[in-house]
Amino acid sequence: MASIVRNLMARSAGWAVLGWLAGLYAAQSVTGSMVQTALPVVLRDVGMPLDSIGYLSVLFLPWALKFLWAPLVDRFLNERSWILCCQAGITLCFVIAAKLPPQEHMPFLACVLLVMGFLAATQDIATDSLAVHATDPETRGAASGASTAGAYLGFLIGGGIWLLVYSHAGWAVSMLAMAAFVVTLSLPIALAKRRPVGPTPQAEMPVKPRLRTTLSNRVLMRGLVFLLVYQLGLRAGSSMTGPYLVDKGVSLDLIGIIRGAGGAAAGFLAATGGAVLVQKVGIVRSIILLAALNAAVLLLLAILETTGEISPTTAIVLLVVQSAAVAMSFVAVYAAMMNWCNPQQAATDFAVLQSVDAVLAIAAASAAGVLGQAFGYGWIFGLAACAIGAALLVAPRFLAGASIRPSGLQLPEEVPQK
């Protein structure tokens, strides 16, 4: 009987860890999705050109540079303290932004969004470290699925609900609504009596985690080569989908529904399916299968757009499918990234991987804006498909160390506090 009780308690603790991860990734995704997907739609609607919208991706600079201060997260305080401080700062930034509508105060608003990005990037460092420490290789498929599902909840709020609120109630109300959402999503970890931390006790961790140690991690460096090629294609293919729908004549309300409720629902389902796929066939095979799916959808979009045979309805359907494919792919890639990280400096290792991804996002979005303005959307989708195809060619060689033994969906047990 005692063993049964212990098993039930462990499973309950495991679900709590997955719930914490889902909520935290939802909270941090609110900021990024608003800037990346919803704000470009609003700016395009008021007449801003595509190349200028593309340059707004520099607001993601904190995500590109976060590896510089990630060792501080490994060294000082704990993940929960970092997360709660950052969430409080993000909430304050939303309140300030409520008084800065972009039509009148774009330079000042950009500064506030940049600070918000710094806070969200720092929270991301701590949350990624928490995800590595609270799981093991056997449970990272489930953890990655929960994290991705939470991220799509954030996308629903920041990319979809925000647009709906903005279109009906205006800028100030929409910003205050985002502040309320961030506070709500922060409550579970704030009220938690115990911190979900990992198998490596604080006493065993190096006093000064170093970037040099990350660069000497051969498995991580090889995986980084794959990410450079693969994420370039995914980022370029997804960066202009909002303005694309605007130019197809789709209303802001409908775009909000598509990119919000529709995209989030597809993301939730895809995240679950991606987690199951990773546990059943392994990480490497999952990444290859999902990369092929992403390339196929983007190539079809490119062909239909170039030939002029795509209707708004068809574009909507394909973009929802592409959103689901990206979600499933992210589950597999995220699980691989967790396995590449050294648990003794998980925040630093993961920050390096995601900083590179952020640089790619900036470069891909800027290039996509210029190409779209000059040649049209067909070129954007076609080149993105080609980049993903190139990633497929290098995947078998550069994904060493990403695999986990396929197993049933097991939940991580709660571990002692630091």
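## Salt bridges

Start with K248 and E305, whose side chains meet in a salt bridge at 3.2 Å, N to O; the term asks for a side-chain nitrogen of Lys or Arg within 4 Å of a carboxyl oxygen of Asp or Glu. K248 lies in the loop between α11 (241-247) and α12 (252-281) and E305 in helix α13 (residues 283-307), so this contact ties together parts that are 57 residues apart in sequence. Helices here are DSSP runs (H or I, at least four residues), numbered from the N terminus. With 23% relative accessibility, K248 counts as partly exposed; that label sits between buried (under 20% relative accessible area) and exposed (over 50%), using a 1.4 Å probe and protein chains only.

Before going on, a word on the model: it is predicted, so local features need pLDDT of at least 70 and side-chain atom pairs count only at pLDDT 80 or more, while totals for chains, interfaces and linings use all residues. Residues are numbered from 1 along each chain as its sequence is written, and side-chain values use heavy atoms, with hydrogens and water left out.

How many salt bridges does a search of the whole structure find? It turns up two. D124 forms one with K66, with the closest N and O atoms 2.7 Å apart. This pair links distant parts of the chain: D124 is in helix α6 (residues 102-133) and K66 in the loop between α3 (61-65) and α4 (70-75), 58 residues apart. Both D124 and K66 are buried.

## A greasy patch

L61, L65, L68 and L114 make a nonpolar surface patch of about 330 Å². To join a patch like this, residues need over 30% relative accessible area and no salt bridge, and nonpolar side chains (Val, Leu, Ile, Met, Phe, Trp, Tyr) are joined within 5 Å, whereas like charges are joined within 9 Å. The areas come from the Shrake-Rupley method with a 1.4 Å probe. L65 lies in helix α3 and, at 34% relative accessibility, counts as partly exposed.

## Aromatic pairs

Across the whole structure, a search finds 11 aromatic pairs. Rings of Phe, Tyr and Trp (its six-membered ring) pair if their centres lie within 6.5 Å; planes under 30 degrees apart count as stacked, over 60 as edge-to-face and the rest as tilted. The W162 and Y166 rings have centres 5.5 Å apart and planes at 15°, so they are stacked. Being four residues apart in helix α7 (residues 140-169), W162 and Y166 are separated by about one helical turn. Both W162 and Y166 are buried.

Y334 and F350 form a tilted pair, 5.2 Å centre to centre with 50° between the planes.

The 30 residues of helix α15 (residues 346-375) should span 44 Å at 1.5 Å a residue, and the end C-alpha atoms are 42 Å apart, which agrees; the expected span is 1.5 Å times one less than the number of residues. Of those 30 residues, 21 are buried, so α15 is largely enclosed by the rest of the structure. Just after α15, G376 takes a positive phi of about 105°.

Helix α10 (residues 218-239) has 22 residues and should span 32 Å; its end C-alpha atoms are 31 Å apart, which agrees. Where does α10 bend? The bend is at L227, by about 30°, taken as the angle between axes fitted to the seven residues ending there and the seven starting there. Buried residues in α10 include L220, L224, L227 and Y230.

Notes: Helix = DSSP H or I, 4+ residues; strand = E, 2+ residues; numbered from the N terminus.
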